[in-house]
Every structure is written in C-alpha cells, then in structure tokens.
Amino acid sequence: MNIKILGSGCRKCVALAENAKAAADAEGINVEIEKVTDIIDIARYGVMSTPGLVIDDKVVSSGRVLNPSDIGALLREAAT
C-alpha cells in the first residue's frame, strides 16, 4: 500500500507522516510512505490545504493532522 503525505515539510506534515507510520504498524499493514513537497504535484491532487493524506492515489484527508486511529480506519478500508 502506498501513502503520500502532501505538504511543504512543516511540523503538521511531519506529524501526519509519523501518525500514518504508527497506524500502519498498529494495523500490521505494510506501507510505503512518500512525502510530496512540490506544490505543482500537490495541486494535481486537488489539495489546497496541507497536509494532505493520499492512500493508493486517493485523497482521503486535507488540511488537518489525523490521529493514528483515524488513519488506521482509512487503511483498513483501503485494504478491502
């Protein structure tokens, strides 16, 4: 499963990446986390407010830092 964190690398983006890693570990799901910092690439996803969370090329959140349990639920949903 592929997870992308969309953002400039700010504190919120780093926190979202850490929460995504924690969620994947807790769920036992093997993920590849990629950070996308290029504004043009971010805009291609239609995200106007960062950080953004993309799971398998589907934007599932933007403009907020989800906690690990919320991300875990999204990972389970994407895995089915």
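Strand S1 (residues 2–6) and S3 run antiparallel and are joined by 4 bridges. Two strands count as paired if DSSP finds at least two bridges between them. Strands (E, at least two residues) are DSSP runs, numbered from the N terminus. This is a predicted model: local features need pLDDT of at least 70, side-chain atom pairs count only at pLDDT 80 or more, and totals for chains, interfaces and linings use all residues. Residues are numbered from 1 along each chain as its sequence is written, and side-chain values use heavy atoms, with hydrogens and water left out.

**Strand S3 and its partners**

- Strand S4 (residues 58–62) pairs with S3 in the antiparallel sense, over 4 bridges.
- Leu53 has Ser61 in S4 as its bridge partner.
- The hairpin of S3 and S4 has 2 residues between the strands, and Asp56 takes a positive phi near 50° there.

**Side chains of S3**

- In a regular strand, side chains alternate between the two faces of the sheet.
- From S3 (residues 52–55), Gly52 and Val54 point one way, while Leu53 and Ile55 point the other way.
- All four are buried (under 20% relative accessible area; exposed is over 50%, partly exposed in between; 1.4 Å probe, protein chains only).

**Cysteines**

- The model has 0 disulfides, a disulfide being a pair of cysteine sulfur atoms within 2.5 Å.
- Cys10 is in no disulfide; its nearest cysteine sulfur, that of Cys13, is 3.3 Å away.
- Cys13 is likewise in no disulfide, with the sulfur of Cys10 as its nearest.
- Cys10 counts as partly exposed because its relative accessibility is 30%.
- Cys13 has 4% relative accessibility, so Cys13 counts as buried.
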